[in-house]
Amino acid sequence: MIGKLEPGSVLPSEVALSQTYGVAVGTIRRALMDLTNDGILSRRRKTGTVVTGRKPQHSLRLFFQYFRLHGLDGSLSKSVTTVTSLDHATASADDAGKLQIEKDAPIVRFHRFRSIDDRPIMHETLTLSREKVPNFPERKEDIPSLFYLHLLEHHGLRISAVREQIGADLANEDDARWLDLKLPAAVLTIDEIAYDQMAVPVLISAHRATTANHRYVNEVQ
């Protein structure tokens, strides 16, 4: 079922979808409910769950496909993520303030980069309170690319809101290495805090991206 579904298409059953994507039926049910609430899907008696044709690209409910860099033609780009490092550390004062935890509390921090068509587009550092993610993967290779979905499925943490601060900066040596840039160059910076349904901060992220072939897109609906 991977691909584009035309308006009027009827979705498979929740059990079939859970088997296709390898997630629990409850996760599929919640996702379908959110998509229905957004108007993307419609529940029809005797027919089932139907695609309506409405397609907001960046509802925060679409947490497993959340990505704001589009091609220059406006198309939503499919990125591939690669985790490069994973560290267990203690929270700095800045980390503690953003995550609302004690300074020096245990945290998990990992770095990854995104590529589109084998071209690097963004690298990012993500930080979480260790207390919120017990049994977090010990190896960087085991961190899944659909990280919001992982938080929901394995830790019961549902990302319901994201606050971003966006800026521009000169690329540094790390940017040049991860994004294959020739200095001097400019990068887009996105500092992000993600919150759960109780408005408690769950995740802080620092993204640095090249916009040579992509644009940041924000939709208000």
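Reader: Where is the place of Thr-189?
Author: This is a predicted model, and in it Thr-189 belongs to strand S8.

Reader: Is Thr-189 buried or exposed?
Author: Thr-189 is buried, because its relative accessibility is 13% and the cut-off for buried is under 20%.

Reader: Which residues is Thr-189 in contact with, leaving aside its neighbours within four places in sequence?
Author: With those neighbours set aside, Thr-189 touches Gln-165, Ile-166, Gly-167, Ala-168, Asp-169, His-207 and Arg-208.

Reader: What about Ala-186, then: in which strand is it found?
Author: Ala-186 is also part of strand S8, which covers residues 186-195.

Reader: And is Ala-186 buried or exposed?
Author: Ala-186 is exposed, because its relative accessible area is 55% and exposed means over 50%.

Reader: Which residues does Ala-186 contact, leaving aside its neighbours within four places in sequence?
Author: Apart from those neighbours, Ala-186 is in contact with Asp-169 and Ala-171. As for Asn-172, its C-alpha lies 9.1 Å from that of Ala-186, with 14 residues of sequence separating the two.

Reader: Let us change topic. Which residues does a cis peptide bond join?
Author: The cis bond links Leu-183 to Pro-184, with omega at about -5 degrees. Pro-184 sits in the loop that connects helix H5 (173-179) with S8.

Reader: Where is Asp-117, and what is its phi?
Author: Asp-117 lies in the loop between strand S5 (106-116) and strand S6 (119-129). Its phi is positive, near 55 degrees, although the residue is not glycine.

Reader: What is the phi of Asp-118?
Author: Asp-118 has a positive phi of about 65 degrees, and this residue is not a glycine either. Asp-118 is likewise in the loop between S5 and S6.

Reader: Are those two buried or exposed?
Author: Asp-117 is exposed, with a relative accessible area of 69%. Asp-118 counts as exposed too, at 77% relative accessibility.

Reader: One last topic: how many bridges join S1 to S2?
Author: Four bridges join strand S1 (residues 41-44) to strand S2 (residues 48-51), and the two strands run antiparallel. Among the paired residues, Arg-43 has Thr-49 in S2 as its bridge partner.

Reader: What do S1 and S2 form?
Author: S1 and S2 form a hairpin with three residues between them. In the turn, Lys-46 has a positive phi of about 75 degrees.

Methods:
Residues numbered from 1 in each chain as written. Predicted model: local features only at pLDDT ≥ 70, side-chain atom pairs only at ≥ 80, totals over all residues. Heavy atoms only, no water. Buried < 20%, exposed > 50% of the residue type's maximum accessible area, 1.4 Å probe, protein only. Contact = heavy atoms within 4.5 Å. Pairing = 2+ DSSP bridges.
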